[in-house]
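Please look over the sequence and the structure shown here before reading on. The paragraphs that follow lead through pockets and aromatic pairs in turn.

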Amino acid sequence: MAEVFVTCDLLDDYSDKVTGVVSPYIDGKSFRNYGGHTSFGGQAVTVKCFEDNSRVKELLATDGNGRVLVVDGGGSMRCALLGDMIAESAVKHGWAGVIIYGCVRDVDAMAQMALGVQALASIPQKSTRKGVGEVGVTVQFGGVTIRDGDYVYADNNGIIVAGEPLV
């Protein structure tokens, strides 16, 4: 069972350690939960890719150790960077969750999985795989900067970022 917390309480209790709160409204979209765990958090592993989920698939097939994959997909609304098969791999490998600045698909299946997933929207179109994308880079979206190794926490209230673990 994943640890349950409320981002509002974390922000109240650790305001001096929180480095950012992701804007609730980005490019006309808001982050929303698509996974079976609506409260999730952990150390961030970052990837930057645009309409190519090669690195997402590769990373979620490695040992997650309760970490959260943070994907800067450039906010693309044209294709999904995560679907049910890759999400199943994430569950199998112990990832706590995935945050995608972009889209997901197979949302009914993901809602049944022991995984936190937040994204801007869903779309049935899958992405291409050309092997492009950068791993371990600093990403920026929603008015915040997230560095590889930061800690991210997400729930129905939003997403917060800290430089150290809060729970």
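In sorting residues by class, Ala, Val, Leu, Ile, Met, Phe, Trp, Tyr, Cys and Pro count as nonpolar, Asp, Glu, Lys and Arg count as charged, and the others, Gly among them, count as polar. With these classes in hand, the lining of the largest pocket is made up of 5 nonpolar, 4 polar and 6 charged residues. The model in view is a predicted one, and the values given here are computed from it.

The largest pocket has a volume of about 290 Å³, and 15 residues line it, with Asn53, Met85, Ile86, Arg105 and Arg129 lying nearest its centre. Helix α3, which spans residues 84–92, gives the largest share of this lining, namely 4 residues.

The second largest pocket holds about 180 Å³ of space. Its lining consists of 14 residues, and those nearest its centre are Pro24, Phe31, Asn157, Gly158 and Ile159. The elements that contribute two or more residues to this lining are β2 and β11 (158–162). By class, the lining of the second largest pocket has 5 nonpolar, 7 polar and 2 charged residues.

How many aromatic pairs does a search of the whole structure find? The search finds 3 such pairs. In one of them, the ring centres of Phe5 and Tyr153 are 5.4 Å apart and the planes stand at 85°, and because an angle over 60 degrees counts as edge-to-face, the pair is given that name. This pair links distant parts of the chain, since Phe5 lies in the segment before α1 (7–13) and Tyr153 in strand β10 (residues 151–155), 148 residues apart. Both Phe5 and Tyr153 are buried.

The rings of Phe31 and Phe141 form another pair, with centres 5.8 Å apart and planes at 35°, so this pair is tilted. Phe31 sits in the loop between β1 (18–21) and β2 (32–33), whereas Phe141 belongs to strand β8 (residues 139–141), and the pair therefore ties together parts that are 110 residues apart in sequence. Are these two residues, Phe31 and Phe141, buried or exposed? Phe31 counts as buried because its relative accessibility is 15%, which falls under the 20% cut-off, and Phe141 is buried as well, with a relative accessible area of 5%. Together with Tyr101, Phe31 and Phe141 form one aromatic cluster.

Notes. Residues numbered from 1 in each chain as written. Predicted model: local features only at pLDDT ≥ 70, side-chain atom pairs only at ≥ 80, totals over all residues. Heavy atoms only, no water. Phe/Tyr/Trp six-rings, centres within 6.5 Å; stacked < 30°, edge-to-face > 60°. Buried < 20%, exposed > 50% of the residue type's maximum accessible area, 1.4 Å probe, protein only. 1 Å grid on protein atoms, 1.4 Å probe; cavity = no way out; pocket = protein on both sides within 12 Å on 5 of 7 lines; lining within 4 Å. Points joined across faces, edges and corners; volume = space filled by probe spheres on them.
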